Amino acid sequence: MSSPPTSFRRLPAHPGLPLVGNTWQFVKDPLGFLRQLQARYERAVRVSLVGRDITVLFTAEDSRQVLQENNRNYQKSEAYRVLAIFLGNGLLTSEGDFWRRQRKLAQPAFYKQRLALMADMMAQQTQQLLSDWQTHDPAQPRNISADMLGLTLNIVTRALFSTDVGERVAGISAALDDIMHYADHALKSFVQVPLKYPTPRNVRFRKAVAKVEAIIYDIIQNRRQQKIKYPELRYDDLLDMLMDARDEETGESMSDQQLRDEVTTIFMAGHETTANALSWALYLLAQHPDVAARVRSEAHEVLGEAGVPTFDSARRLTYTLQVVQEAMRLYPPAWIVGRRALEVDYFGEYEQPKDGIVLVSPYLLHRNQNYWDRPDVFDPERFSEAASKARPSYAYLPFGGGPRLCIGNNFALLEMQIVLALLVRAFDFQLLTSGHHVAPEPMVTIRPQGGLRLRIRTSFKH
Ligand code: HEM
């Protein structure tokens, strides 16, 4: 606990309705409501959502206190329990010593040397999508969200499990959609019908979980029988590592259930977020042809006309990285990160009650005008080295922070740089002129509502 100030007071509470508090305002327009709060209160505010007492933080300093300096006073909030119905006791949802041990086991799979070996595969997967695009009729819009989801799904399964999901991409995407809708509904409802009752939503959710689970078990089974592993791969993947891991004291290996939880977590956490970030980046590039032209000329300069990125050359795609970072500033896939206070804490003179939920919001921090000049404007120059250094570190948190920082952050950045450079080198992206309004839909992640459709055309320099 941070030491109590000599005098402290209660956090301001935002007015709401009897019984439902601020739930309705939040559910109707979560991002708009959060921004209204940010405009009205300086440091933090208390709201009542779905019967829960929640503190929304607005400053980088307090966000750092929760995620880093005083992280031991905080556990993941109830929202993660909803995810745990599906993800079990995997890295994202577990706590304490158990989490620490699992994190230690999984971490080496994300070391730089390993990522270096994966760059080639990331590029190959992107080239495959590009060859589909070559035969696409430019007069027809392309469903970019579906393409990005398929691509990142193939990359994460190849990289971490050395296999792919082949024809099952569409089925997995649909299952993922049902799971996200269930989680979203569960988080926003006062009363939830227990899963054992066969309501249409529950049935859809259970079927979706069963579908993804069957694929995961299939991957594990195949590995146990050593049936599928691409011979050209030169690394042990995460699945190898998790299967080979032994408890330091007992020497025991991971149970099938734990293996399932870890694999499902990486599988889910590792692709939907990245797919959304890429879709948003392409959406922004379609609106800013000058920026797209710079990304394209960087790709030509660093990779040549037809060169394939390697780990080292990808690191030289610095402007592309700035574009990725700026896209995640405006549309951070993980837009809120929730924690529960185990004991009383203090944000300056304000008292955070024990057991209350605290929301750190990358979305709000990224649009806070104390840290960003004209925060709603897309401008990759914000991520030049000098500008990045001049900002408080917790003003930009697309991957969270502290010990629970996203384990896949470098993986995701490398992947997004490679994918974006290859796509933009070969294609131009245009918004549809009518009938397709793109709006952010904040569910578990922020995605383009109804999917992003763009017109794509072979780039003239290619
Ligand atoms: C743009 C892409 C991504 C974004 C924006 C993102 C965001 C995040 C955030 C904000 C957290 C922290 C959640 C919290 O503190 O409660 C997190 C955790 C996590 N992410 Fe990511 N992520 C991305 C990509 C990935 C990838 C590619 C993987 C794996 C291949 C991955 C695996 C995980 C795991 C396992 C955790 C839990 C880590 C732990 O608690 O030890 N993520 N991610």
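**Close-up views of a predicted model**

**View 1. T199, a partly exposed loop residue.** T199 is partly exposed, with a relative accessible area of 23%. The model shown here and in the other views is predicted. T199 sits in the loop that links α8 to α9 (200-224). A116 is 83 residues away from T199 in sequence. In space, the two C-alpha atoms are 47 Å apart.

**View 2. The crossing of helices α7 and α8.** Helix α7 spans residues 144-161, and helix α8 spans residues 169-188. Their axes come within 10 Å and cross at roughly 105 degrees. Angles of 65 to 115 degrees count as roughly perpendicular, so α7 is roughly perpendicular to α8. On the α7 side, the contact is made by L149, G150, L153 and N154. Helix α8 meets them with V169, I172, S173 and L176. Five residues of this contact are nonpolar and three are polar. No charged residue takes part.

**View 3. The largest nonpolar core.** This core holds 146 residues. Within the core, W133 and F429 touch the most other members. Helix α18 (residues 409-426) gives the most to the core, with 13 residues. Nonpolar side chains tend to be buried together in soluble globular proteins. Leaving aside residues up to four places away in sequence, F429 touches W133, I144, L282, A286, L423, V424, L454, R455 and I456.

**View 4. The iron atom of the ligand and C406.** The protein gives the iron a single donor. That donor is the SG atom of C406, 2.3 Å away. C406 lies in the loop between α17 (385-389) and α18.

**View 5. Q38, a buried residue in helix α2.** Helix α2 covers residues 30-40 and includes Q38. Is Q38 buried or exposed? Its relative accessible area is 13%, so Q38 counts as buried. Which residues does Q38 touch, not counting those up to four places away in sequence? They are F58, L364, R367 and N368.

View 6. Most residues other than glycine have a negative phi. L19 has a positive phi, near 65 degrees. The loop between β1 (9-10) and α1 (23-28) holds L19. At 85% relative accessibility, L19 is exposed. R374 also has a positive phi, near 40 degrees. R374 is found in the loop between α16 (362-366) and α17. Its relative accessibility is 55%, so R374 counts as exposed.

Conventions
Residues are numbered from 1 along each chain as its sequence is written. This is a predicted model: local features need pLDDT of at least 70, side-chain atom pairs count only at pLDDT 80 or more; totals for chains, interfaces and linings use all residues. Side-chain values use heavy atoms; hydrogens and water are left out. Axes are lines fitted to C-alpha atoms, for helices over the stretch in contact, and angles run from 0 to 180 degrees between N-to-C directions. Helices (H or I, at least four residues) and strands (E, at least two) are DSSP runs, numbered from the N terminus. Angles under 35 degrees count as roughly parallel, over 145 as roughly antiparallel, 65 to 115 as roughly perpendicular and the rest as oblique. Contact means heavy atoms within 4.5 Å. Ala, Val, Leu, Ile, Met, Phe, Trp, Tyr, Cys and Pro count as nonpolar, Asp, Glu, Lys and Arg as charged, and the others, Gly among them, as polar. A nonpolar core is a set of buried Ala, Val, Leu, Ile, Met, Phe, Trp, Tyr and Cys residues joined through side-chain atoms within 4.5 Å. Buried means under 20% relative accessible area, exposed over 50%, partly exposed in between (1.4 Å probe, protein chains only). Donors are N, O and S atoms within 2.8 Å of the metal (3.2 Å for Na, K and Ca); water is not among the atoms, so sites may look incomplete.
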